[in-house]
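The stops below go from the whole chain to single elements.

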Amino acid sequence: MRISGTEAQPGLALAADVVVVGTGPGGASVAAKLARAGRSVVMVEAGPHVPASEMSQRESEMMRKLYYEGGLRTSENGAMGVLHGRAVGGSSVVNYLDCFRTPARLLYDWQRRFGLDELSPERMAPRFDAIEEVLHVRKLDPGNLNKNNDKLRQGTERLGWKGDTFHRNAYQCYGSGFCDLGCSYNAKQSAAITYVPIATQHGATLLTEARVDRVDTAAGRATGVRGSLLGADRQPRGEFTVKADVVVVSGGAIHTPYLLLSSGVDDPSGQLGENFYAHPGTPVVGYFPGERIANYEGIKQGYYIGEFSWVLHEHPIDVLIEGIGAPPALTSTILPGLGAERQAEFRRYNHYAAAGLLLRDYVPGRVRVGKGRPIIEASLAPSDAHRLRLSTERAAEAWLAAGAAMALTAHNKLTYFRSTRDFRKLDDVGWGIGELALVCFHQMGTARMGSRRDRSVVSPTGRMWSYDNLYVADASIFPTSTGVNPQETVYGLADVVGDGILDETRSAGSP
Ligand SMILES: Cc1cc2nc3c(=O)[nH]c(=O)nc-3n(C[C@H](O)[C@H](O)[C@H](O)COP(=O)(O)OP(=O)(O)OC[C@H]3O[C@@H](n4cnc5c(N)ncnc54)[C@H](O)[C@@H]3O)c2cc1C
């Protein structure tokens, strides 16, 4: 059953065994597991349900509809754009479909440093097998690379570096190229068309356009949630409540700590909202004057350079370099230069091949509670900036090896390289706030999982330490940044949490 907050009676009062806040990969997959196991489940989602037929491929309309703050959210200091989906399915509706199982090296690191013994590659493998079945994850055939990604492949191979095509959660994708505006063909196997329907087919209720404002707790137990039904203008039009035996918070790594901190929950570690990891990314562009690249056509993210990744190949730079395509409005916000300089750059749009740097950040920011909204404190620490510089050089090298006339960065000061000798120009550009375009697509880590209550926000089963029945299942429970695209890790850890809920709440006497 689906109830829309724009139409529901103010004062709506629901009750269930479990209420799940948020329907991204974490929330949707936990809801599906619990509903399948026979629990009554209510899923509450602040965003709308947007079917494929309403995905218009219009940037101005879809960004407003599917993203927080229309895609214009930034960190408090303006250092970083923060893209975060707001719809049934969360960011999985707007993401680029790249899938990585959590790399073994990362799982060993989490075992060693955070006591997460259960997260061995062997124990996680059957979980990933099952998740990949639901999401229809397949490796992209190199023959389906678009021109942009194929150029990146050529450069990588000429340099003898390790690179590969992505695994993707797609079914019958013919590469319309509008992934970030939602898929008009239901080819993207987002949580909205996989796990959410599994949950509802097993009896779960989906309440959309309803924002949870508070988790209610009493005597070491969560008792339910309360919040606002939202009108079409996203403004509150009435209240609702859901009473539940178990509360699962899955609002993503910004809104989960925001909601829990606003609710005043007890966190013995003091780390709730800390350890915000962002994979700060910036584009590096190759200019191919005689060739039409049209990076926005076809499958936008098809190929990546893994050579410099620590989690994949133990390389100290610790970055993935991924082929990307960007629609015009987004491109205009990241192209270098101002005024006439930027206009001139834009005329070359069709001849630009683009790669995005996915830097594994080591120095985290944090999320705290502002006046009615989360505040994201993030910037680029000097040590991370140093590795970003080395990553920029590697991406530029790949474009030059692929035959680009020059490679460009997204610094405010127009910076281009015709050969590797030009890399010294990077000595003169800034890496500080506002000096280059930085974008966060991946929010992680603000309710860290671990085995010690004084050092982690949630237990190895995702339970907040001070409560019997309050769980977190989303990217906020990552102990660190992953260094690879995170969605499969979210599904994987949420699966662990779902089993934890079934074990722990069964023994506590819930149905
Ligand atoms: C443009 C873009 C491209 C990406 N590309 C990739 C990719 O190719 N591969 C990859 O692995 N990852 C990618 N990601 C990241 C990936 O999609 C996320 O890591 C993943 O969706 C996170 O899942 P989650 O469950 O933590 O939360 P989210 O997906 O953020 O979902 C949280 C949901 O909770 C809802 N919510 C929050 N607070 C409340 C509240 N108080 N009340 C009710 N509802 C609430 C939100 O509206 C949202 O729908 C991309 C992300 C973006 C934005």
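Two strands count as paired here if DSSP finds at least two bridges between them. By that rule β11 (residues 221-230) and β12 pair, with 7 bridges in the antiparallel sense. The model is a predicted one, and the tour returns to this pair after a look at the whole.

**Whole chain.** Show everything. The protein chain contains 12 helices and 22 strands. Its C-alpha atoms fill a box of roughly 65 × 45 × 40 Å along the principal axes. A compact globule of 511 residues would have a radius of gyration near 24 Å, and the 22 Å of the protein chain agrees with that. Buried residues make up 56% of the 511. Among contacts with a separation of 6 or more, 75% are between residues 24 or more positions apart.

**Strand β12 and its partners.** Select residues 236-249, which are β12. Which strands pair with β12? One is β2 (residues 12-21), which runs parallel to β12 and is joined to it by 9 bridges.

V225 has V242 of β12 as its bridge partner. β11 and β12 form a hairpin with 5 residues between them. In that turn, select R234, which has a positive phi of about 70 degrees.

A further partner is β22 (residues 470-472), which pairs with β12 in the parallel sense over 3 bridges. Here V247 has L470 in β22 as its bridge partner.

**Around the ligand.** Select the ligand and the residues around it. Which residues come nearest? Of the 41 residues around the ligand, these are G22, G24, G90, G251 and G252. Two or more residues of the shell come from each of α1 (25-36), β10 (210-218), α7 (252-262) and α12 (487-507). Colour the shell by class: 15 residues are nonpolar, 20 polar and 6 charged.

**Helix α7.** Stay with α7, one of the elements that contribute to the ligand shell. Is this helix enclosed or open? It is largely enclosed by the rest of the structure, because 9 of its 11 residues are buried. For burial, the cut-off is 20 or more other C-beta atoms within 10 Å of a residue's own. The buried residues are G252, A253, I254, H255, T256, P257, Y258, L259 and L260. They pack against β2, β10, β12, β17 (366-369), β18 (374-377) and β22. Just after α7, G264 takes a positive phi of about 70 degrees.

**The seven-stranded sheet.** Move to the open sheet of 7 strands, ordered β7-β14-β15-β16-β13-β19-β20, with antiparallel pairing. Its edge strands are β7 (163-165) and β20 (416-417), each pairing on one side only. Select L408 to find its bridge partner in β20, Y416.

Next show helix α5 (residues 147-159), which packs on the sheet. α5 touches β7, β13 (283-287), β14 (303-305), β15 (319-324) and β16 (352-359). The direction of α5 makes about 70 degrees with that of β16.

As the last stop, select helix α11 (residues 382-401). This helix lies across β13, β14, β15, β16, β19 and β20. α11 runs at about 150 degrees to β16.

Conventions
Residues are numbered from 1 along each chain as its sequence is written. This is a predicted model: local features need pLDDT of at least 70, side-chain atom pairs count only at pLDDT 80 or more; totals for chains, interfaces and linings use all residues. Helices (H or I, at least four residues) and strands (E, at least two) are DSSP runs, numbered from the N terminus. The radius of gyration is taken over C-alpha atoms; the globule rule is 2.2 Å times the number of residues to the power 0.38. A residue is buried if 20 or more other C-beta atoms lie within 10 Å of its own, exposed if 12 or fewer, and partly exposed in between; C-beta atoms are placed from the backbone. Two residues are in contact if their C-beta atoms, placed from the backbone, lie within 7 Å. A residue is near a molecule or strand if its C-beta atom, placed from the backbone, lies within 6 Å of it. Ala, Val, Leu, Ile, Met, Phe, Trp, Tyr, Cys and Pro count as nonpolar, Asp, Glu, Lys and Arg as charged, and the others, Gly among them, as polar. Axes are lines fitted to C-alpha atoms, for helices over the stretch in contact, and angles run from 0 to 180 degrees between N-to-C directions.
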